[in-house]
Amino acid sequence: MSSHDPTSLTTVSAAFVQDWLDALNSRCTPTDMASLLKRAGWKSTPMGPTQRVTLNEIARLYQLAAPETGDEMMGLWSRPIRPRALQHLVTVQRETTSLTSALYRFSTYWNLLLDDFRLDLRTDPEEVELALTPYAPGTPAQRFGHMLLLKLAHGLLSWLGGVETPVKEVRFAFARPDFAADYAVVFPCPVKFAAPRTIIRFDPRRFNPPVVRSLAEASTFLERAPLDWMFTGSRAHTYSLRVRAFLYGAAWQTCQLPDAAAALKMTPRTLNRRLNEEQTSFQSIKDALRRDIAILALQQGADSIEKIAEDTGFSAPANFHRAFRKWTNRTPRSYRN
C-alpha cells in the first residue's frame, strides 16, 4: 500500500488484535513473543499493544510469527496449520474455472485441516454463502480467527478475479464488540453481529471470470501476506470509507458534509442516512482521519508536535493534546517516545 492510498494511513484499535495476540502467546515463550513484537515495530507490553496498530504493523507481525511458530494461523485454531499450507491453497486455486469453484476448493481444503469447525458452502443463482459451523455447539467464536478466515476467502476471490470481489454481507457469531468500527477497514459491506453462525455472502452474478495467475504472481501474493488478502481496498464500497477516501484527497480540514455528499453524487441528507446505517457520522470519519494522520506523523518523527497539531487542524497544541488523549489514552509525546 502506498503512502498515497488512504488505506495506508488506517489504524485499528488494540482490542481488535488482542484475540490474535492471546492466541499467538500460546505458540510462543514470553521472550519469543516480546522479540516478535519488537521486531514487528509494535509498542507493546506483555498484556498487549499500548496504542493503535497500523495495517503494515499487522502484516509485519504475521510475516515474522507464521514461520517462527510453525503455525500459519499462529495459534488461532486448536490444530497448528503447518508451513506451506497457504502456499498449497493458493496453488490449487491458481487455475480455477470460476469463483464459485474457488470457494468450493477453499471450503474442502480447510475442512481437511480444521478440527474446530467445518466450512459449509451454499450456492444458488443469486447467492453464495460460506458459513463456519462449530463441531461442538456452543464453542466460543475466536473473533480474530473468524475474521481472518472469512477475509482469506474474500482476498483469494479478489486476487483470482483481478479486482476486489463485492460482498453482500458478513455476519459474526459473537456479540458486537466495542471495536466494531474496525471491521469497516476489512470488509466492503455491512457487518452484523450476534448471528447463529459466522457467514460471508456473495452475489455470484457479480463474480468476475478468474484470471489465470502465474507461479510468480502466486509467490508475490504469498510474500505480501496478509496485505493483499486482508486489506483489499474496501474503501471503494462502504460509504464511510468512500468519505474517508474523499477527505484524504481533498482539503479535509475545511470539508463539510455537503462537500462529501456532492463528491459522492447524493444529497447531504442521503449521505447522512447512509452513514447512520453504518453506525458512524461524517464528523467521526473526519476525526478518525485526523487521528491516523497524527499517529503516522508521530511515528515518522520529522515534525514537532506543534506542527502536527497545526497540520491536523487544531487551533492550539493544547486542543490537540486533549483530542489525542481521548483517541488513544496517551499524550502525543509519550506515544512518540
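Buried means under 20% relative accessible area, exposed means over 50%, and partly exposed falls in between (1.4 Å probe, protein chains only). This is a predicted model, where local features need pLDDT of at least 70 and side-chain atom pairs count only at pLDDT 80 or more, while totals for chains, interfaces and linings use all residues. Residues are numbered from 1 along each chain as its sequence is written, and side-chain values use heavy atoms, with hydrogens and water left out.

**View 1. Strand β9, covered on both sides.** Helices (H or I, at least four residues) and strands (E, at least two) are DSSP runs, numbered from the N terminus. In a regular strand, side chains alternate between the two faces of the sheet. Here T198, I200 and F202 point one way from β9, I199 and R201 point the other way, and all are buried.

View 2. Two strands pair if DSSP finds at least two bridges between them. Sheet strands pair through backbone hydrogen bonds, either parallel or antiparallel. This open sheet has five strands in the order β5-β6-β9-β7-β8, with mixed pairing. At the edges stand β5 (117-123) and β8, each with a single partner strand, so one side of each has no neighbour in the sheet. Strand β6 (residues 128-134) pairs with β9 in the antiparallel sense over five bridges. Look for E129 opposite R201 in β9, and for L130 opposite I200 in β9. Strand β7 (residues 169-171) also runs antiparallel to β9, joined to it by three bridges.

**View 3. Inside the largest nonpolar core.** A nonpolar core is a set of buried Ala, Val, Leu, Ile, Met, Phe, Trp, Tyr and Cys residues joined through side-chain atoms within 4.5 Å. The largest one has 75 residues, and W20, W42, F106, W110, M147 and F187 touch the most other members. Helix α6 (residues 143-161) gives the most to this core, with eleven residues. Apart from it lies another core, of 14 residues, including A260, M266, F282 and L289.

**View 4. What does F106 contact, leaving aside its neighbours within four places in sequence?** Contact means heavy atoms within 4.5 Å. With those neighbours set aside, F106 is in contact with L89, Q93, L119, L130, L149, L152, A153 and L156. L130 also turned up in View 2, opposite I200 in β9.

View 5. Rings of Phe, Tyr and Trp (its six-membered ring) pair if their centres lie within 6.5 Å; planes under 30 degrees apart count as stacked, over 60 as edge-to-face and the rest as tilted. By this rule the count is 23 aromatic pairs. Take W20 and W42: their ring centres are 6.1 Å apart and their planes sit at 75°, so the pair is edge-to-face. This pair links distant parts of the chain, with W20 in helix α1 (residues 14-25) and W42 in the loop between α2 (30-39) and β2 (44-45), 22 residues apart. W20 counts as buried at 1% relative accessibility, and W42 is buried too, with a relative accessible area of 7%. For F174 and Y183, the ring centres are 6.5 Å apart and the planes are at 40°, so that pair is tilted. Both F174 and Y183 are buried. One aromatic cluster is formed by F16, W20, W42, F144, F172, F174, F179, Y183, F187 and F193.

**View 6. A charge over a ring.** A charge sits over a ring if NZ of Lys or CZ of Arg is within 6 Å of the ring centre and within 35 degrees of the ring normal. R290 lies over the face of F314, at 4.1 Å from the ring centre.

View 7. Most residues other than glycine have a negative phi, and most peptide bonds are trans. The peptide bond from A225 to P226 is cis, with omega near 5°, and P226 is in the loop between α8 (215-223) and α9 (227-230). M74 has a positive phi, near 50°, and is not a glycine; M74 sits in the loop between α3 (55-69) and α4 (85-93). Is M74 buried or exposed? M74 is buried, with a relative accessible area of 0%. A194 has a positive phi of about 60° although it is not a glycine, and is found in the loop between β8 (191-192) and β9 (198-202). A194 is exposed, with a relative accessible area of 61%.
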